[in-house]
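Student: I'd like to learn how to read a structure like this one, feature by feature. Could we walk through it together?
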Amino acid sequence: MSTVCSDNETATAGCCADCGQVVLRRTPLSDEQSKTVRAVCIRCLVFAYQRRQFESGCCG
């Protein structure tokens, strides 16, 4: 499960950790399974929430 890191308010410009696009704002996203924090763009943040919500697939 992934969660947004609320303790780290500093979102900076740079490359998204997921898609690699250069963006103006990245949000720290904590992946609890791999115990890592990645800076992702808003698009990848939305996709991460979708993957969490439909973890078992769209039919399951």
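Student: Let's start with side chains. Which side chains meet in a salt bridge, and what is the N to O distance?

Tutor: Keep in mind that this is a predicted model. The idea is to look for a side-chain nitrogen of Lys or Arg within 4 Å of a carboxyl oxygen of Asp or Glu. Here D18 and R38 pair up that way, at 2.2 Å from N to O. A search of the whole structure turns up 1 salt bridge.

Student: Why does the pair tie together parts that are apart in sequence?

Tutor: Check where each partner sits. D18 is in the loop between β2 (14–15) and β3 (22–23), while R38 belongs to strand β5 (residues 36–40), so the bridge links parts that are 20 residues apart in sequence.

Student: Okay, zooming out. How many helices and strands does the chain have, and in what order do they run?

Tutor: For the big picture, list the elements from the N terminus. The chain has 1 helix and 5 strands, running β-β-β-β-β-α. Buried residues account for 27% of the 60 residues. Of the contacts with a separation of 6 or more, 38% are between residues 24 or more positions apart. The chain exposes about 4,400 Å², with carbon and sulfur atoms supplying 55% of that.

Student: How should I read the helix? What does α1 span, and which of its residues are buried?

Tutor: Now the case at hand. Helix α1 covers residues 42–53, which is 12 residues, and reaches 17 Å from first C-alpha to last, close to the expected 16 Å. Its buried residues include C44, L45 and A48. Viewed down the axis of α1, the buried residues fall within an arc of 105 degrees, so they line one face of the helix.

Student: And which exposed residues does the face of α1 turned away from the buried side carry?

Tutor: That face carries I42, R43 and Q53. I42 has 59% relative accessibility, so it counts as exposed.

Student: Backbone angles next. Which residue has a positive phi although it is not a glycine?

Tutor: K35 has a positive phi of about 55 degrees and is not a glycine. K35 lies in the loop between β4 (27–31) and β5. With a relative accessible area of 71%, K35 is exposed.

Notes
Residues numbered from 1 in each chain as written. Predicted model: local features only at pLDDT ≥ 70, side-chain atom pairs only at ≥ 80, totals over all residues. Heavy atoms only, no water. Helix = DSSP H or I, 4+ residues; strand = E, 2+ residues; numbered from the N terminus. Buried < 20%, exposed > 50% of the residue type's maximum accessible area, 1.4 Å probe, protein only. Contact = heavy atoms within 4.5 Å. Areas by Shrake-Rupley, 256 points an atom, 1.4 Å probe, with all protein chains shown as cover. Expected span 1.5 Å × (residues − 1). Arc of directions from axis to C-beta.
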